[in-house]
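Here is a short report on one protein model. Look over the sequence and the structure first, then read on.

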Amino acid sequence: MRRVYLDNAATTPLLPEVKDFLCRSLDVFGNPSSPHGAGEEARELLELARENVASLLDVSPSEIVFNSGATEGNNTVLRSVLSRKSRGNVVISSIEHKSVSAVARELARSGISVREAIVSKEGMVELEHLESLIDGDTLLVSVMSVSNEFGTVQPVREIAELCREKGVPFHTDAVQAIGKVRLSLEEVGYATFSGHKFHAPKGVGFMYLKEGMFIKPLLLGGGQERGLRSGTENLHSILAMAKALELIYKDFEKNTERLRQLRDSFERLLEEKIPGVRIVGKHARRNPSISAVVFPRRTGWEIVERLSREGVFCSSGSACSSGEVIPNEHLLKMGYSEEEATRMVRFSFGLLNTEEDVFSAVDRILKIL
Ligand SMILES: Cc1ncc(COP(=O)(O)O)c(C=O)c1O
């Protein structure tokens, strides 16, 4: 059976050129911290990768810190900024990824209060509400650039400007934005990224730290990454990640347009053939690769399981515990009913998907429904 992978927001396959590049780079084995020739070779490649990533994002190489991915990046930013004071508050959106919300909640036990900005039914952070939550005790505002569940593009530029006016540091989890929407980091203090969401290997990512922003390393040791992230750099994956980014940015408009066409024809077919189907954030600005579908019948969990048996891989918006489906908490917060919040399935497209994948997936969705 032909397999159709539509879970690119969870992780992506390597682009063939990235895979080739990665295999070739495996011959470079030096430790970038070693003072001899082998180390120097590795160090030069590492710094070249940093320069490439920085130039694609229009920032300075000294503002890029390589790490293991966005869970580490988000933990580093939140823990370091919020541990500076024993009291205060952090403002996040109500739909943040757990690597932001769980850290904020844990810190809440030590005196930091967590304030959640309301997100509309269309999956957009409500700016006015967010503004009303910021006060003189706000230590950090953290809002994702793009929702990993609904693909909605958040008003990051406006939030960043607001934070600048109020003198509050701003962090954005940009994992689902990079390579899919144009990023502007000008007003952003901290941004976090993960390689495996854009056709690079897993276990590698980076943080953007604006010049002069405070950061306390999560890991201490050999002082790599200018002392901000100790541990021998994951050189091969870093090189492959920079390569993936370079390839994606080279044809940015073409790539994003292709994703948009795949997603739009998928949604058009679903809406044509399944009465009562609903796309979350349909009328909001979305990144072109994510489609969050609320089906009129069956739980998201059931649909994902049945589709998996049919060779279509996607993701359920709700968890299942002891045979019971738990409604998606973010959909509930956005005003969806309990029933709707159990019926969401996320389909996400990547650069290796084809039009044929779309037709094939829709056929199999109709079959299992
Ligand atoms: C929005 C968002 N933030 C953070 C993460 C965590 O990234 P990583 O897998 O690099 O730890 C993910 C991945 O699921 C994500 O989608």
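Where does glutamate 310 lie? Glutamate 310 sits in the loop between helix 9 (300-309) and strand 11 (312-313). The model is a predicted one.

Is glutamate 310 buried or exposed? Its relative accessible area is 18%. The limit for buried is under 20%, so glutamate 310 counts as buried. Leaving aside neighbours within four places in sequence, glutamate 310 is in contact with Met1, Arg364, Lys367 and Ile368.

One of these contacts is also a salt bridge. Lysine 367 pairs with glutamate 310, and the closest N and O atoms are 3.0 Å apart. The pair links distant parts of the chain. Lysine 367 belongs to helix 11 (residues 355-368), and glutamate 310 to the loop between helix 9 and strand 11, 57 residues away. Lysine 367 is exposed, with a relative accessible area of 59%. Glutamate 310, at 18%, is buried.

## Two domains

The domain assignment gives domain 1 (4-13 + 252-368) and domain 2 (16-250). Their C-alpha centres lie 26 Å apart. How many residues of domain 1 are in contact with domain 2? There are 36, and they touch 35 residues of domain 2. The area buried between the two domains is about 2900 Å². Carbon and sulfur atoms give 50% of that area.

Polar links cross the interface too. The rule finds 24 residue pairs in polar contact between domain 1 and domain 2, both at pLDDT 80 or more. On the domain 1 side, at least two residues each come from helix 8 (252-273), strand 10 (290-294), helix 10 (329-333) and strand 15 (344-348). Helix 8 gives the most, with 5 residues. The count of salt bridges between the domains is 2.

## The nonpolar cores

Nonpolar side chains tend to be buried together in soluble globular proteins. Here the largest nonpolar core has 90 residues. Which members touch the most others? They are Leu130, Val141, Phe206, Phe266, Phe295 and Phe347. Helix 7 (residues 235-250) gives the largest share of this core, 11 residues. Domain 1 and domain 2 both give residues to the core, so it lies between them.

Phenylalanine 347 shows what such a member meets. Leaving aside neighbours within four places in sequence, its contacts are Leu6, Phe266, Ser289, Ile290, Ser291, Val293, Phe295, Leu307, Cys314 and Ile365. Another core, of 19 residues, lies apart from the largest one. Its members include Val81, Val103, Ala104 and Leu107.

## A buried serine

Serine 194 is part of strand 7 (residues 190-194). Its relative accessibility is 3%, so serine 194 counts as buried. Which residues does it touch? Leaving aside neighbours within four places in sequence, serine 194 is in contact with Gly69, Ala70, Val175, Val204 and Gly205.

## Salt bridges

How many salt bridges does the structure hold? The count is 22. Side chains of opposite charge can pair when their charged atoms come close.

Take arginine 50 and glutamate 47. Their closest N and O atoms are 2.8 Å apart. Both residues are in helix 2 (residues 37-57), 3 residues apart, so about one helical turn separates them. Arginine 50 is buried, at 5% relative accessible area. Glutamate 47 is partly exposed, at 32%.

Aspartate 135 and arginine 115 form another salt bridge, at 2.9 Å from N to O. Aspartate 135 is in the loop between helix 5 (127-133) and strand 5 (138-142), and arginine 115 is in strand 4 (residues 112-117), so the pair ties together parts that are 20 residues apart in sequence. Aspartate 135 is partly exposed, at 33% relative accessibility. Arginine 115 is partly exposed as well, at 26%.

Glutamate 116 and lysine 333 meet through their side chains in a salt bridge of 3.1 Å, N to O.

Methods:
Residues numbered from 1 in each chain as written. Predicted model: local features only at pLDDT ≥ 70, side-chain atom pairs only at ≥ 80, totals over all residues. Heavy atoms only, no water. Core = buried A, V, L, I, M, F, W, Y, C linked by side-chain atoms within 4.5 Å. Buried < 20%, exposed > 50% of the residue type's maximum accessible area, 1.4 Å probe, protein only. Helix = DSSP H or I, 4+ residues; strand = E, 2+ residues; numbered from the N terminus. Domains from an automatic or database assignment. Contact = heavy atoms within 4.5 Å. Buried area = accessible area lost by both parts, 1.4 Å probe. Salt bridge = Lys/Arg side-chain N within 4 Å of Asp/Glu carboxyl O. Polar contact = N/O pair within 3.5 Å; in protein donor to acceptor, adjacent residues only side chain to side chain.
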